[in-house]
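I set down what I looked up, entry by entry.

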Amino acid sequence: EQLANQIAAGEVVERPASVIKELVENAIDAGSSIIDITIEEGGLSFIRVTDNGAGIEPADMETAFQRHATSKISSSSDLFKIASLGFRGEALPSIAAVSRLECVSSIDSTGLAQRLLIEGGTVTANEPANAPQGTDMSVRDLFYNTPARLKYMKAIQTELGHITDYVYRIALAHPGIAVTLKHNGSVLLRTLGTGDRLQVIAAVYGTNTAKAMLKVEGETSDYDLRGYISKPELTRANRNGMTVIVNGRYIRSHAVNQAILQAYHTLLPINRFPIVVLEIGMHPSLLDVNVHPSKMEVRFSKENELRTLVEQAVKGALGQVRH
Ligand code: ADP
Ligand code: MG
C-alpha cells in the first residue's frame, strides 16, 4: 500500500504545482467560493490551501487519504460522464506519501473540526480540533523522503512559474471563486469571485489587457462557447496566453488551439499569438478526461464540430474590429 502510494505519487505529484493543482481541484469540487493558497520557497518547503467548501466528515478523514477512496464516482459508468474535477481518488494518498501533510476540516459552522496528520504516508495524529467550515490542507517538506525526486526540482523561480501558471488559469476558469495566491508573504494574485471574467483577466494580465478584449460566443446543440480574445493590437510572441477551459477544467487541447489560431492567423502574422480565455461547455459524455492521471489531456467525441464552432466564433469576434 505504502509502495503503491509512492508509485502513484510519481505520476500524480510531479512537482509543487501538481500538489496545488490537486488540492485546489478538491476545493472546487467541494463547492468552495473562497480558496486561499499560501506557499513558501516555490512550494518546496510549504504549501497551504484553505477553502470554505463542504468539508470532510470526521469519520471519513482517514478514508479520504486511502488509495482509490473517492466520494465523487460510485460506478464505472460514472467514468463516462464525469462532472467533478477529481475522480481517481489518488491525489491525497499520493501527496501524503511524499510529504508531511496536515488536514483540518469541518463540515459545519459549529467550530467542531477534525485534524489529521500524515507523515510520509503514516498517520501520526487524528484528533478533534477547532475550525470554521471548510478544509485547510498544509503540505510541508515535499519529497523529503524521496531524495531522487527532490533532486529533480528546479530553482524556486521555476517551480513558482509552474504554480502561477496553473493558479492564474484556474482563477480564469472560475471567476465565481475568490482566489488568493501568496508567495513568501507577498500577494501574487487576488480575484474577487464576482463571476466577472474580465476582472480575473485584469488581475492576471493587467487592466489594459482586460480593456482590449473582444467577446467570443457561439453554440451548437452539443457545445457552448464563451470567452474573450485580445484585439489584434495586443499580440504576443508565444502561446502562453491561451487558456482553454472545458466544463470548468483547465486543459491543453491541440485541436482547440489550432482552431483558434486558424481564425486568428487569417488576420495576423503566424508568429504572433492572442491572449485568449475560452470556456467550452458540453455534456460530460462528449468528453473523455480519463486519458492521463494529470487529467490535463482530454478527448472530444465530436472534435470536428467543435473545431468548426471555435473557428467561426473567433472569426466572429475578430470581425468586430476594423483593420
Ligand atoms: P478525488 O478528488 O479523485 O476524489 P482525492 O484523493 O483528491 O480524490 O480526494 C479524496 C476525497 O477526499 C475526495 O473524494 C473528497 O471526498 C475528499 N476531499 C479531499 N479534499 C477535500 C476538500 N478540500 N473538501 C472536501 N472534501 C475533500
Ligand atoms: Mg482530487
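I looked up the pairing of β10 with strand β13 (residues 276-282) and found it antiparallel over seven bridges. I count two strands as paired if DSSP finds at least two bridges between them. Strands are DSSP runs of E with at least two residues, numbered from the N terminus. Within this pair, I noted that L225 stands opposite I280 in β13.

The model is predicted: local features need pLDDT of at least 70, side-chain atom pairs count only at pLDDT 80 or more, and totals for chains, interfaces and linings use all residues. Residues are numbered from 1 along each chain as its sequence is written, while chains are lettered from A and ligands numbered from 1 in the order in which they are written.

I then turned to strand β9 (residues 213-219), which pairs with β10 in the antiparallel sense over seven bridges. Three residues lie between β9 and β10, and the two form a hairpin. Here I found L225 of β10 as the bridge partner of G218.

Is β10 mostly covered or uncovered? I found six of the eight residues of β10 (residues 223-230) buried, so the strand is mostly covered (buried means that 20 or more other C-beta atoms lie within 10 Å of the residue's own, with C-beta atoms placed from the backbone).

Next I traced an open sheet of eight strands with mixed pairing, in the order β5-β4-β3-β6-β2-β1-β7-β8. Its edge strands are β5 (122-130) and β8 (186-190), each pairing on one side only.

Lastly, I recorded that strand β1 (residues 34-40) and strand β2 (residues 46-51) pair in the antiparallel sense over six bridges. I37 has V49 in β2 as its bridge partner.

Technical notes
Buried ≥ 20, exposed ≤ 12 C-beta atoms within 10 Å, placed from the backbone. Helix = DSSP H or I, 4+ residues; strand = E, 2+ residues; numbered from the N terminus.
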